[in-house]
Amino acid sequence: MDEVMTTVDASSSFQFSSSSQPSIVPSNTPLLSAFLAFALAQFLKLFTTWFKEKRWDSRRMLRSGGMPSSHAATVTALALAIGLQEGTGTTSFAIALVLACVVMYDATGVRLHAGRQAELLNQIVCELPPEHPVSSVRPLRDSLGHTPLQVAAGAVLGFAIAVLMRSST
């Protein structure tokens with residue numbers, strides 16, 4: 001027999017803070033860990049860009065690529081927070097772990113190589129004579145993926161955020 005989840009069942013499954021009224025921010029530690037890891041990784045890109053290029057570039061906070069990987073930080077924090085909260089034997093942990101592996105593999109594989117191809121294509125277009133039809137095409141974004149070091153740094157950041165969030169609750 002198929003089970004049907006009612007609105008009451010669905011609303012009671014969400015956990016809110018311990019106050020008598022529902023909080024605006026749900027106390028979902030895995031979700032909050034993931035968002036915090038993402039935000040912190042994006043913010044840290046300001047400083048890693050300055051360290052590498054000796055210039056401040058606030059646009060780095062809104063772009064993909066760079067050190068540390070915010071994708072890796074996000075999925076690592078999510079998977080670990082779920083594992084710490086619900087246990088590593090749960091279905092939700094398995095889903096989060098597989099998602100984390102796919103995202104980090106993709107960041108160092110397909111997206112990294114697509115970025116390198118974009119860099120090469122941009123270089124070719126710059127060498128074309130001005131009268132060529134594609135010489136005035138806007139350059140492709142070449143900062144798409146991550147090196148394995150950037151992904152590892154993001155994963156370490158996500159791990160630390162999840163552990164800190166767990167210990168603060």
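**View 1. Burial and surface of the protein.** Of the 169 residues in the protein, 30% are buried (under 20% relative accessible area with a 1.4 Å probe, protein chains only). The model is predicted: local features need pLDDT of at least 70, side-chain atom pairs count only at pLDDT 80 or more, and totals for chains, interfaces and linings use all residues. Residues are numbered from 1 along each chain as its sequence is written, and side-chain values use heavy atoms, with hydrogens and water left out.

View 2. The protein has six helices and zero strands, in the order α-α-α-α-α-α (DSSP runs numbered from the N terminus: helices are H or I of at least four residues, strands E of at least two). Among contacts with a separation of 6 or more, 65% join residues 24 or more positions apart (contact: heavy atoms within 4.5 Å).

**View 3. Crossing of α2 and α6.** The axes of α2 (residues 29-53) and α6 (residues 148-168) come within 9 Å and cross at roughly 135 degrees (lines fitted to C-alpha atoms over the stretch in contact; angles run from 0 to 180 degrees between N-to-C directions).

**View 4. Residues between α2 and α6.** In α2, T29, L32, S33, L36, A37, L40, A41 and L44 meet L157, G158, I161, A162 and M165 of α6. These residues divide into 10 nonpolar, three polar and no charged, with Gly counted as polar.

Terms used
Buried means under 20% relative accessible area, exposed over 50%, partly exposed in between (1.4 Å probe, protein chains only).
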